[in-house]
Amino acid sequence: MEELYRAIEKKIKDAGYPRAISGEAVYGDICDQIEGKENGSYVLLSKFEDDVIFEYHITVMDEEFNLGVLTMRTSEGVFETDFDE
């Protein structure tokens, strides 16, 4: 799992996100957001910090999920990364 967390952190940092970020926290937030969701595609919003909104574009499947695009809206700007690339 540590490798997955580091990969999440790298994608977010490579998008120019200027703040400290925890891949584990992002993964946990996604899991919390999709708990109980039926299979399908969703756009989910999460207030990650007081002035930070994360917008997840997620496809939920039986035993897994796919995070496509993550848009991070902050007071410093808007940052986006495509996890499918």
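Biologist: Which helices and strands each supply at least two residues of the lining of the largest pocket?

Modeller: Helix 1, helix 2 and strand 3 do. Helices (H or I, at least four residues) and strands (E, at least two) are DSSP runs, numbered from the N terminus. A pocket, on a 1 Å grid over the protein atoms alone, is an open set of points where a 1.4 Å probe fits, with protein on both sides within 12 Å along at least five of seven lines; lining residues have an atom within 4 Å of a point.

Biologist: Before we go on, what sort of model is this?

Modeller: It's a predicted model, where local features need pLDDT of at least 70 and side-chain atom pairs count only at pLDDT 80 or more, while totals for chains, interfaces and linings use all residues. Residues are numbered from 1 along each chain as its sequence is written, and side-chain values use heavy atoms, with hydrogens and water left out.

Biologist: Fine. Which element gives the most to the lining of the largest pocket?

Modeller: Helix 1, with 3 residues. The lining is made up of L4, A7, I8, Y27, I30, E64, F65, L67 and F83.

Biologist: How does the lining of the largest pocket split by class?

Modeller: There are 8 nonpolar residues, no polar ones and 1 charged. Ala, Val, Leu, Ile, Met, Phe, Trp, Tyr, Cys and Pro count as nonpolar, Asp, Glu, Lys and Arg as charged, and the others, Gly among them, as polar.

Biologist: And how much space lies in the largest pocket?

Modeller: About 180 Å³. That volume is the space filled by probe spheres set on the grid points, which are joined across faces, edges and corners.

Biologist: F65 is in that lining. Is F65 exposed, or only partly exposed?

Modeller: F65 counts as partly exposed because its relative accessibility is 22%. Buried means under 20% relative accessible area, exposed over 50%, and partly exposed in between (1.4 Å probe, protein chains only).

Biologist: What is F65 in contact with, leaving aside its neighbours within four places in sequence?

Modeller: Y27, I30, C31, I34, I58, T59 and V60. Contact here means heavy atoms within 4.5 Å. F65 itself lies in strand 3.

Biologist: I58 is on that list. Which residues touch the most other members of the largest nonpolar core?

Modeller: I58 is one of them, along with I12, Y17, V26, F54 and Y56, in a core of 17 residues. Helix 1 (2-14), helix 2 (23-34), strand 2 (52-60) and strand 3 (65-74) each supply at least two of its residues, and strand 2 has the largest share, with 5. A nonpolar core is a set of buried Ala, Val, Leu, Ile, Met, Phe, Trp, Tyr and Cys residues joined through side-chain atoms within 4.5 Å.

Biologist: What is I58 in contact with, neighbours within four places aside?

Modeller: I30, I34, G40, S41, Y42, L44, F65, N66 and L67.

Biologist: Let's do N66, then. Which side chain does a polar contact join to the N66 side chain?

Modeller: That of D84, at 3.2 Å. A polar contact is a pair of N or O atoms within 3.5 Å; within protein, one must be able to donate a hydrogen and the other to accept it, and residues adjacent in sequence count only if both atoms are side-chain atoms. N66 lies in strand 3 and is partly exposed, because its relative accessible area is 30%.

Biologist: New topic: T74. Why does T74 count as buried?

Modeller: Because its relative accessible area is 12%. T74 is found in strand 3, and its side chain makes a polar contact of 3.0 Å with the side chain of E76. Not counting residues up to four places away in sequence, T74 touches Y17, R19, D51, V52 and F79.

Biologist: R19 is an arginine, so is R19 buried or exposed?

Modeller: R19 counts as buried, because its relative accessibility is 14%. R19 is found in the loop between helix 1 and helix 2, and a polar contact of 3.3 Å joins its side chain to that of S75.

Biologist: Last one, T81: where is T81 found?

Modeller: In strand 4 (residues 77-82). T81 is buried, with a relative accessible area of 7%, and among the residues T81 touches beyond four places in sequence are K11, A15 and M72.
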